[in-house]
Amino acid sequence: MKAKILVIDDEPEIVEIVKVRLEANQYEVITAHNGLEGLEKLKKISPDLIILDLYMPKMGGVEFYQHICDSKLKLKYPVLVLTARINMEKLFREFNVNGFLHKPFKGERLLEEVRTILCQEVRKRIFKTPREIAIVENNADELSRISSLFTADNYKVMGFGDGATAIEKISNDLPDLALIQLGLSDIAGDLVILRLGQMAKTKHIPCVLYLHDNDKHDKAVIDHFSGKTGVWVIKEYDKPEELLMAVNKILGEIEQKELEHRGVV
């Protein structure tokens, strides 16, 4: 799936340069030559990014910007502003646009800005800010240690000491990932994951099943989940830092796949 970009500029040379460079990098490009044309295009498409010039006939960038804000003055689309005037950057900083590109610009600089903005937008869609993680661990001291590590790494942590409570809360709060101990006291961790996978609201939440040294190792359970999409198994860990490293790696892989799927990278 290609990322869709709407380019609005009244200079044909600029439009052509931007269009050729973006299409060469597998982006879908739609063009307009002023703000009014841009608004007409938005009736038919929903772009992943708008590249917007400021000074155009019929409707310029500032007026167009006002048309694509909601009632709370929040942009409905990501916007990269093209400007030859440095003093206009301050104005649009206050408007919270996503980026600026000063004319004249190099093709590589354009691509860098486009990729940066699109990556930021995809991350906002697939993960909360800060990222939220549910940790299910029946040892209170261990739960505290693991939770502290993730909190220090800028995660919002929900900690639960049993599987039943975790299932209820995870289905309500919908975290970005669930980190679940296999040897829970009430419901085994693998059954918690199975239950989450059966519910429409939670079946897409990535789950990590981890084992303590003293957890009973059920090879059939481990083998089953090791090959299951959306579930990762950490067979053993020596210290909580290994769990943090594993979760960061997993979320990074999920993010990269989503960026590729959306045609951003």
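**Close-up views of the predicted model**

**View 1. Pro104 in the loop between strand S5 and helix H5.** Pro104 is placed in the loop that runs from strand S5 (99-102) to helix H5 (107-126). The structure shown is a predicted model. The peptide bond leading from Lys103 into Pro104 is cis, and its omega is near -10°. Most peptide bonds, by contrast, are trans.

**View 2. Helix H1 and its buried face.** Helix H1 covers residues 12-24. Ile14, Val15, Val18 and Leu22 are the buried residues displayed in H1. Viewed down the axis of H1, the buried residues fall within an arc of 100°, and therefore they line one face of the helix. Pro12, Glu13 and Ala24 are exposed on the other side of H1.

View 3. Gln26 belongs to the loop between helix H1 (12-24) and strand S2 (28-32). Although Gln26 is not a glycine, its phi is positive, at about 70°. This positive phi occurs just after H1. Most residues other than glycine have a negative phi. Gln26 has a relative accessible area of 48% and is therefore classed as partly exposed, the limit for exposed being over 50%.

**View 4. Lys58 in the loop between strand S3 and helix H3.** Lys58 sits in the loop joining strand S3 (49-53) to helix H3 (61-67). Lys58 is another residue that is not a glycine and yet has a positive phi, of about 70°. With a relative accessible area of 69%, Lys58 is exposed.

**View 5. The aromatic pair of Phe150 and Tyr155.** The count of aromatic pairs comes to one. The ring centres of Phe150 and Tyr155 are 5.1 Å apart and the ring planes stand at 75°, so the pair is edge-to-face; the angle required for this class is over 60 degrees. Phe150 is buried, with a relative accessible area of 0%. Tyr155 also counts as buried, at 7% relative accessibility, because buried means under 20%.

Key: Residues are numbered from 1 along each chain as its sequence is written. This is a predicted model: local features need pLDDT of at least 70, side-chain atom pairs count only at pLDDT 80 or more; totals for chains, interfaces and linings use all residues. Side-chain values use heavy atoms; hydrogens and water are left out. Helices (H or I, at least four residues) and strands (E, at least two) are DSSP runs, numbered from the N terminus. Buried means under 20% relative accessible area, exposed over 50%, partly exposed in between (1.4 Å probe, protein chains only). Rings of Phe, Tyr and Trp (its six-membered ring) pair if their centres lie within 6.5 Å; planes under 30 degrees apart count as stacked, over 60 as edge-to-face and the rest as tilted. The arc is that of the directions from the helix axis to the C-beta atoms.
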